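Please examine the protein shown below, first as a whole and then at selected places.

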Amino acid sequence: MRRERLRDLLLDLGLWGLLATPVLLRLDPHDGGSWGQVAVGVVALGAAVACCRSLPLLSLAVAVALSLATSPELFTPAYALALVAFGYLAGRRQRRTRAALALFAAVAALGFALVPLSEGNVSQGFTVVLVLALAIVAPWLTGRYVRQYARLVRAGWELAARMEHEQAAVADRERLRERSRIAGDMHDSLGHDLALIALRAAALEVDPGLGARQQAAAGELRVAAADATARLRDIIGVLRPDEEEGRGGGAPTAPAGETVEEVVERAGASGLRVELTVTGPEGGTPPMVDRAVHRLVVEALTNAAKHAPGAPVRVALERAGSTLTVAVSNGPGTGRSAGGPDRTAPARTGDAGDAGGAGDRPAGPVSGGTGLVGLDERVRLAGGRLTHGARADGGFAVRAVLPLEPGAAARAAVASTGATGAAAAARRAGPIAAPTSVRERERARREVRRGLAQAIWIPLALVAALGLVMLLFGLWTQSRSFLDRDDYVSLRVGDPLSADAERLPPHPLDGPPAAVPPEPPGMDSCLYYRAAMTATVPVYRLCLVDGRLAEKAVVG
């Protein structure tokens, strides 16, 4: 911060020295000026440079005042550089244009107002306007263009930084999503294994062939497995963000190559009353469909063992044509595990990461309820559809219909991201608004183009308008010095005559045109009047001696 202030101070000092140099050279006492004028000019320029960063228009006004005080026509070599410099800095640093335009209009009006005070003619006012357009307005527009261009460049860098930040945020979200998916699959697979462990421990707990000590140990094992399942659910709930709950994308962490038959066999060996029915011809299954089927069966059996202990479970796989139907259903919970005493665990439709497959409706604490959502996502990504709900007998059923043709899963995944349904979505939603970055870039470009156009056409328009005004003024002055031929003929040598005579135009020419021959000797003065409205020559020359017309001629 201190380095930037020092740099700005050095730049301001350098600008002050540069602008003060013409003043010192032009207002030297040996050149007709005075040391007082030099001191005033240098100090005023120093004050203008000092306030230029915060009040650039005030600095420009100071330069204009110094220049007008030196020359009513505004242009002076001493302050011409100051006019250009402060005009550019005003356009570069001033945000709004209304105050600058008001200052320009005031300078133009002041230029014409100083005409009678300085005993000049109207052309002096035109000179002020011309100097204003070329020495002030044109640099100001250039500064405006540079400001807009710098803003466009700055906006580009800001957008680039924002895009990098967004990319980093997207990467972080993807890492969190993948972590959430892995956590969910860990919950699904480990929860299934822990449920089977608890089921086997319950069977050992009521096995009459074991002693009381072994049965008690088996009971402790069952309780420990249930507690581990609860802790696992809590930990997964912490690892899984709210917005990621229920997402089933990605590949599960199930044992590689495990078939549905092996899952059912392992569950039956753990004491679960489960029956598998496979109908239809044999054939290959796409990987996404195979994983979805495995996920559905595992979660359904897990929830049946957890929420409907003792209830029979039926798993049915039916292959028909190009579809595979998977159905897992269980009866109402009996409160008794396979071969065990009554238990009071209520049946529920789904747990955090579970997919349902339980019998009775919740009677106890409500679980996370995200299992069915995640399973629906997994089935949908495989190109199928999932249905679930309670049965009339109080049990629960989960059913999925999955396609077997190649490419169905890929098409479903693309459709889930909105790629294939973009046209239909566009028709439903109407025109899609451009991203914010695109809109900001286009707005900045429009402003830069508008600033460049203004820097070109505004000076041209001012010059054209000034030329038109000067043309009209010239025609008006010519009409004021035009002498009609009949009036010229009516003039007689010897008639008393003066410049304000009634038969003469109100304003004679300032002097003879360049092609006019010299005046005859012995004349007091000669008056020249236009013989034609649009031509410089010929002119009427009226020479006077003692206030009387002594000679008249058409010359030129």
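A residue is called buried when its relative accessible area is under 20%, exposed when it is over 50%, and partly exposed in between, judged with a 1.4 Å probe and protein chains only. The structure is a predicted model, in which local features need pLDDT of at least 70 and side-chain atom pairs count only at pLDDT 80 or more, whereas totals for chains, interfaces and linings use all residues. Residues are numbered from 1 along each chain as its sequence is written, and side-chain values use heavy atoms, with hydrogens and water left out.

Consider the whole protein. It contains 14 helices and 8 strands; these are DSSP runs numbered from the N terminus, with helices being H or I of at least four residues and strands being E of at least two. Of the 556 residues in the protein, 38% are buried. The accessible surface comes to about 30000 Å², and 60% of this belongs to carbon and sulfur atoms; such areas come from the Shrake-Rupley method with a 1.4 Å probe, and for residues only the protein chains shown count as cover.

How are helices α8 and α9 placed relative to each other? The axes of α8 (residues 260-269) and α9 (residues 287-307) come within 10 Å and cross at roughly 10 degrees. Helix α8 is therefore roughly parallel to α9, a term for angles under 35 degrees, while those over 145 are roughly antiparallel, 65 to 115 roughly perpendicular and the rest oblique. Axes are lines fitted to C-alpha atoms, for helices over the stretch in contact, and angles run from 0 to 180 degrees between N-to-C directions. Contact, meaning heavy atoms within 4.5 Å, is made by V260, V263, V264 and A267 of α8 with V293, H294, V297, V298 and L301 of α9.

Most residues other than glycine have a negative phi. L74, although not a glycine, has a positive phi of about 75 degrees. This residue L74 lies in the loop between α3 (56-70) and α4 (80-93), and L74 is buried, with a relative accessible area of 0%. D546 is likewise not a glycine and has a positive phi of about 55 degrees. The loop between β7 (539-545) and β8 (548-555) holds D546, which counts as exposed at 68% relative accessibility.

Finally, D227 is found in helix α7 (residues 212-239). With a relative accessible area of 38%, D227 is partly exposed. Its C-alpha lies 9.7 Å from that of L194, and D227 and L194 are 33 residues apart in sequence.
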